[in-house]
Amino acid sequence: MNARIFSARWRATSGPWALLCTVVAFVYVFSLGPILITTAVSFNQTNRSFFPPRGFSLRWWERALTPEWLDPLLFSLKLGTFTALLSTLLALPLAFALYRYRFRGREALVALTLGPLMLPTLVTGVGLLQLFQYVGWREHIGFAALLVGHVVICMPFAVRTVSISLQTLPPNLELAAASLGATPVRTLRHIVFPLIKSGLVAGAVFAFIHSFTDVNLSIFLARPGEVPITVKILGFLEFGFAPTLAAVSVITLLLPLILVAIVERVSGLGDFIYGDRRG
Amino acid sequence: MADPALRLVGIEKHYATVAAVAGINLEVNEGEFVTLLGPSGCGKTTTLGLIAGFFPPTAGEIYLKGRPVADLPSFRRDIGVVFQDYALFPHMSAAANVAFGLRMRNVPQPEITKRVADALDLVQLVGLGERRPLQMSGGQRQRVALARALVINPTVLLLDEPLSNLDLKLREEMRIEIAAIQRRLGITTVFVTHDQSEALVMSNRIAVMNAGRIEQIGEPADIYERPATRFVAEFIGRMNMFAGQVTPARTVRTAAGTEIDLPVPASIVTGAEVHVAVRPERTRLVRDKPADGLALRGALRQVLYLGATREFHVALDAGQRGLVETPNDGAAPSFETGATVWLAASFANCRVLPAPS
Amino acid sequence: MRSGVPAHWLLIALPATVLLAFFVLPNALLLSASFLKSEAQQLTAEPTLDNYRFLFTRPLYLEVFLRTFAVGIAVGLIDIVLGFPLAYFLVRSRSRFKGLLIALSLAPLLASVVVRTYGWYIILNRFGFANDVLLNLGVIGERIPFMPSTGAIIIGLAHALLPYAVLTIMGSLNGVNPNLESAAMSLGANRTRTFFHVVMPLCLPGIAGGFILVFSIAISAYATPAILGGPATQVAATAIYNFIIQLLDWSLGAALAVILIVCSLLLLYAAARLGARRAAL
């Protein structure tokens, strides 16, 4: 009540709040500007990254949908999907164990789980490349190595979201189910699992997006023909640019955007954004 | 003779250095409503958890209808539990919550539907079956929790302070209602609370617990009128406690030197430290020394007006304090603060309790 | 407990093995490689400290460290300066569009850093947006090569990492009781003083946390420095890539990577000491 009255008074007297709004507007322009510019350029008629765009054309979009770009795009989609699935599958028992049990070494396990989030993905990529070469798995560099690397860096996201779900379970639910005759397995199936579904979905979505947008790890583990879209774009930039890149870029932005929009509608992601417990 | 519905023998529960339950023996008969009453930390919730099977006892045995269950996990005991926070399943409707126990017992669906409807009717929630817990008030959730535990017809119904999250009016209504339902269905019930009025209103018997043990168990009137220890006397209602010592003449001499000539139980030895205990509402304040019964002189310190009653706080000789509670009959009190008064009571209303060692 | 393997071991066995094998082990290998000599692009088994000595004494690499560090600090500062007003606004806003505005501020995270940097490429290159506008406005006479340069890297990274600062600061601000501002005002503090004496101090942990997060991501950034920078403006990440992919020098590459790891760990420690929010696990 107080805060609402207070901020109304803030706004009513312009001054500080109006100034804040102006600054914020500028920050939004800074933040969204380059993306909007890229989108505009993708519709350029000429073969240069002019802005303001000259003329309107869809030819770069046509080029963006040729195998040269579709292949890496589909590769990234496939990689992202498998990463999301594996990450969630591995995260589930891990999160559950951390939630349910107190055991020696629990703190160490937490550190291990969060490790890939805390260290630069670049380093994990370099290390994995070395590992694969060292144990003679050279031929697995490509999809397999990428999958392994992505799962490692994406699993923490899934563990986090599932943990949040578990922690927001009302405390006595499992006891209540047991008192009503539910065996531990049935409790998991009927009570725990339905209530952590949103955490699983959020985890899968974050894992997918993290995989789909990764660059620093992927540059070390890709090989010709098995290249994620981000690495492909990066490589292309070394040869100068074309508005095709702009079109491709917009596509790679749209896909996660649509995914998030759908999942938010269906399952809700808001609770998981901060990465820790919200009331 | 039929087995009691519930029997606890030598039940103990130790955590690291703490003995949450230090030795409980309890028998609850079929259809009885027994309350475990005590302050926080006395072990009553732990005892309930042991009966429910949420954790194993460190020692002792639990019998449900004669069957030893201490080794059985919760889902194999035939119990129903109502939790303090209700623990309703948020992703299920009220009806689905109530049906859950029946589903776990593989009851056929048509019977489930009927019994759920009956249970919701019993707790007066007809028509609210499809609502989710989040869309219900605290009182409604509590009724769903109750229905859920009752519908499965458990051997024993366990309630863990189910009323403590409700506001006062609702609490008073619900205690009568729950007791009525229990009497009607005849389900053996163990109720845990720290609220003594709840215990007095609802129970067939009350077990007053302190520091992991039962100090006294008996019918409400017994516990109130004839408390066996100082703890029980002070936990239920309020009690005047006048310290003294048993004289060779088997009277009690107070610190002020007053000799109180009331019967001292044979179990208390001469010379022992005791308290003479009398309820404030059984005392009265008089101007002149009463002819017989308890008579203690003092000065009136304070009069408190509580609407239905008045409290007179008296500073007795030798530093003791007395409390007299009188119904407010509309007349103004005839004593002024500072006046010399006598606290009087008949010996029939006094008890001699051993002082705790 | 039942007899047999405790349940929690069964649950964590597979995920923990994956993490140990594919996270701990690679880093351990890197650590060991950093202490081994390389000859003819092959790692030998000869232990040495020369790799680190090399990196810490060559002016070229000292410059790389300096640049990386400077970029990190600059980006961190810019992002908390830009991010704090935005975070504050979003947390205190009562607008109907609050959810949308929050989503908009975080939406750039959905695009890969390559894509976001490409936008700056379009803007900053010689024939790009910035030059076009400045030329048309008559501010400059001929095109300026804004990139490749360290400045361009800073701008690109600041843009890419801004949402992280906003997220961290928002997370911290959400924990601040709005009634505190009312209380201060009721005690006679005007808006400015309330802000500086009450609001700011309470936001500082979040701001510090945001800075540290952005800094630690910035020092290990690859794509943006690669795109907006060049051979003359190397940072740690591009140098590592250079060592490993182009020069096939695993010793130096590993050593530089280990330095990055140590920096990250130190930053983590600093963040933890500041009491910045930890992930709840």
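## Surroundings of B:Leu72

Apart from neighbours within four places in sequence, B:Leu72 is in contact with B:Gly53 and B:Arg77. The structure is a predicted model, and the description that follows is to be read accordingly. B:Leu72 is located in the loop that runs between strands β5 (67–68) and β6 (79–82) of chain B.

B:Leu72 counts as partly exposed because it has 15 C-beta neighbours inside 10 Å, whereas a buried residue would need 20 or more and an exposed one 12 or fewer. In sequence, B:Leu72 and B:Leu262 are 190 residues apart. In space, the C-alpha atoms of B:Leu72 and B:Leu262 are 52 Å apart.

## Domains of chain B

Chain B is assigned two domains: domain 1 covers residues 6–230, and domain 2 covers residues 238–352. Taken over C-alpha atoms, the centres of domain 1 and domain 2 of chain B are separated by 39 Å.

## Fold of chain A

Chain A contains twelve helices and zero strands. Its pattern along the sequence is accordingly written α-α-α-α-α-α-α-α-α-α-α-α. Chain A has 279 residues, of which 47% count as buried. When the contacts in chain A between residues at least 6 apart in sequence are considered, 74% of them join residues at least 24 apart.

## Domains of chain A

The division of chain A gives domain 1, residues 2–41, and domain 2, residues 62–272. The centres of these two domains of chain A, computed over C-alpha atoms, are separated by 33 Å. Four residues of domain 1 of chain A and five residues of domain 2 of chain A take part in the contact between them. On the side of domain 1 of chain A that touches domain 2 of chain A, two residues are nonpolar, two are polar and none is charged.

## Packing of α11 and α12 in chain A

Helix α11 (residues 229–237) and helix α12 (residues 243–266) of chain A pack with their axes 11 Å apart. The angle between α11(A) and α12(A) is about 160°. Angles over 145 degrees count as roughly antiparallel, and α11(A) and α12(A) are therefore roughly antiparallel to each other. The crossing of α11(A) and α12(A) is left-handed.

Which residues of α11(A) and α12(A) meet? From α11(A) come A:Ile229, A:Ile233 and A:Phe236; from α12(A) come A:Leu245, A:Val248, A:Ser249 and A:Thr252. The residues of this contact between α11(A) and α12(A) comprise five nonpolar, two polar and no charged.

## Contacts between chains

Contact between chain A and chain B involves 16 residues of chain A and 19 residues of chain B. On the side of chain A that touches chain B, α8 (173–179) and α9 (184–212) of chain A each supply at least two residues. Helix α8(A) gives the most to that side of chain A, with five residues. By residue class, the side of chain A that touches chain B consists of eleven nonpolar, four polar and one charged.

Two pairs of chains touch, and the most contacts are found between chains A and C. Chain B and chain C, by contrast, do not touch. The nearest C-alpha atoms of chain B and chain C are 10 Å apart.

Definitions and conventions. Residues numbered from 1 in each chain as written. Chains lettered and ligands numbered in written order. Predicted model: local features only at pLDDT ≥ 70, side-chain atom pairs only at ≥ 80, totals over all residues. Contact = placed C-beta atoms within 7 Å. Helix = DSSP H or I, 4+ residues; strand = E, 2+ residues; numbered from the N terminus. Nonpolar A, V, L, I, M, F, W, Y, C, P; charged D, E, K, R; others polar. Domains from an automatic or database assignment. Axes fitted to C-alpha atoms, helices over the stretch in contact; angles between N-to-C directions. Parallel < 35°, antiparallel > 145°, perpendicular 65-115°, else oblique. Left-handed = near helix turned anticlockwise from the far one by under 90°.
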